[in-house]
Amino acid sequence: MKPQLDYLQMLARFGVPLPEAGMPDCDVIDELADLGEAGLMPVTHPRFFGWVMGASAPVSVAADWMVAAWGQNAAMHSASPTAAAVEETAARWLLEIFDLPREAAVGFVTGATLGSFVALSAARGSLLRRVGWDCEADGLFGAPQVHVFVSDDVHASVLSALRYLGFGERRVIRVDTDDQGRMSADDLARRCAACDGPKLIIAQAGQINTGAFDPFDQVAQVARANDAWLHVDAAFGLWARVAPDLHPLTKGIELADSWVVDGHKWLQVPFDTGYAIVRDPEALERSMAITASYLPAKKANHRSPSQLVPELSRRGRGVPTWAALKSLGRSGVIEMVSRHCRLARQIAAELAQVPGILVMNDVVLNQVILRFGKQSDGAEWRKVLAEAVIDRVIEDGHIFVAGGAWRGEWVMRISVISGPISTEDAYITTNAIRSAWSHVSAIQRDDAAG
Ligand SMILES: Cc1ncc(COP(=O)(O)O)c(C=O)c1O
């Protein structure tokens, strides 16, 4: 299960010289469909487990088509009352379903990377204002230093967001984590105690490999004791909060100052949709607002989407989210998230029985990581084995998975996050991996013998 053609082959197909003469619209679309098909990744398939990607539910895709067909600019309520009102409603529903402070502001962005950029920009302004520095007016040159704390297993996108904001990756203070990638609140407290001045702490809900959650209660206590801003990268983990059986994982997350979560992951909204949620709307607006005489002035109870995100002209990104939540309802989201996590546990439990396969994480959410080979094989050889199993399952065509590094091992990463996946799909998945592993380990034995 993979694209028939790779990037360079697709480039050869598409990369013709700029046409001088045009062609009929229908022919353009037919040609696009014909040419494009072979290079499509089966992201919307129920057994696509690559990276952490949702499956674009048909209802949200249809809503997204309407966004494009309506041709609205969602920058401000006066330019598109519909786009602004739908977004405002979707924002309210998100705060309700996540049970986060209802007064928080929600910016609709392209994804968690930009969401962190937006929320951390609000954090930067707020923290510096507390020590008498107006960062929005005077910038960062000569500003007091903000100490930034991240876990040692932070997602790479958070470091990028920090870089865009002028914090610099090298200046970030890394906090110890445990074997699942959870931040140590004790180590955080120690490191905070060693620094004077404004502090920004970034925690995580849903570590990209293990799905682990930081101990938010304890982390929030440290944040409070240090008058720090607490941001949570919850790109997919915040959805756990919706399901009663998973809700305890997020205990204390509501104490943070900002959160980022994706719609294009667990909500099955098409790319690109993420949400930057900031407890203090004024901090967010100060960092993002665009003002000009020709733009409407801020008006009470009137949402102008561009006041909360970096863009002015933008698509009505809230519309597919509105459609997804309308279609699923709270109960549908609970059912989907719980089912995915149950199936992840099922896949892990079955594969844990197979000699030579080690489940490397506690499967608390939807992420499963697998090591292939014995301890005595050594990490280098185990990487060869994992890559061979990944290639084999992809060739066999029943599932798609990808690899990654975790604690010095190359692992197969399985992210159960495709809307329609069923129990039957989970069985097909374990059989596919078991069979690929049996093939790869047999070759290994044959090679060793011969
Ligand atoms: C934990 C975490 N944070 C941030 C991101 C970045 O999200 P996006 O690709 O939507 O920008 C991801 C993506 O997988 C993630 O898993």
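How accessible is R407, and does this residue count as buried, partly exposed or exposed? R407 counts as partly exposed, because its relative accessibility is 41% (buried means under 20% relative accessible area, exposed over 50%, and partly exposed in between, with a 1.4 Å probe and protein chains only). The legends below describe a predicted model, in which local features need pLDDT of at least 70, side-chain atom pairs count only at pLDDT 80 or more, and totals for chains, interfaces and linings use all residues. Residues are numbered from 1 along each chain as its sequence is written, and side-chain values use heavy atoms, with hydrogens and water left out.

**View 1. The backbone at R407 has a positive phi.** The phi angle of R407 is about 50°, although R407 is not a glycine. R407 belongs to the loop between β10 (402–406) and β11 (409–415). Helices (H or I, at least four residues) and strands (E, at least two) are DSSP runs, numbered from the N terminus.

**View 2. The ligand sits in the second largest pocket.** On a 1 Å grid over the protein atoms alone, a pocket is an open set of points with protein on both sides within 12 Å along at least five of seven lines. A molecule sits in a pocket if more than half of its atoms lie within 2 Å of the grid points of that pocket. There are 13 residues around the ligand, and A112, T113, D233, D262 and H264 come nearest (a residue is near a molecule if one of its heavy atoms lies within 4 Å of the molecule). The shell comprises four nonpolar, six polar and three charged residues. In this classification, Ala, Val, Leu, Ile, Met, Phe, Trp, Tyr, Cys and Pro count as nonpolar, Asp, Glu, Lys and Arg as charged, and the others, Gly among them, as polar.

View 3. Taken alone, the ligand exposes 390 Å², of which the protein buries 84%; accessible areas come from the Shrake-Rupley method with a 1.4 Å probe.

**View 4. A cis peptide bond joins F271 and D272.** The omega angle of this bond is about 0°. D272 is found in the loop between β6 (258–262) and β7 (274–278).

View 5. The C-alpha atoms of P281 and L308 are 8.5 Å apart in space, and the two residues are 27 residues apart in sequence. N301 is exposed, because its relative accessible area is 82%. Its phi is positive, at about 60°, although N301 is not a glycine.

**View 6. T429 and A205 are buried residues.** T429 is located in helix α13 (residues 423–449) and counts as buried because its relative accessibility is 0%. A distance of 28 Å separates the C-alpha atoms of T429 and A112, which are 317 residues apart along the chain. A205 is in the loop between β4 (199–204) and α9 (216–225), and A205 also counts as buried, at 0% relative accessibility. Between the C-alpha atoms of A205 and P215, ten residues apart along the chain, the separation is 9.2 Å.

Notes:
1 Å grid on protein atoms, 1.4 Å probe; cavity = no way out; pocket = protein on both sides within 12 Å on 5 of 7 lines; lining within 4 Å.
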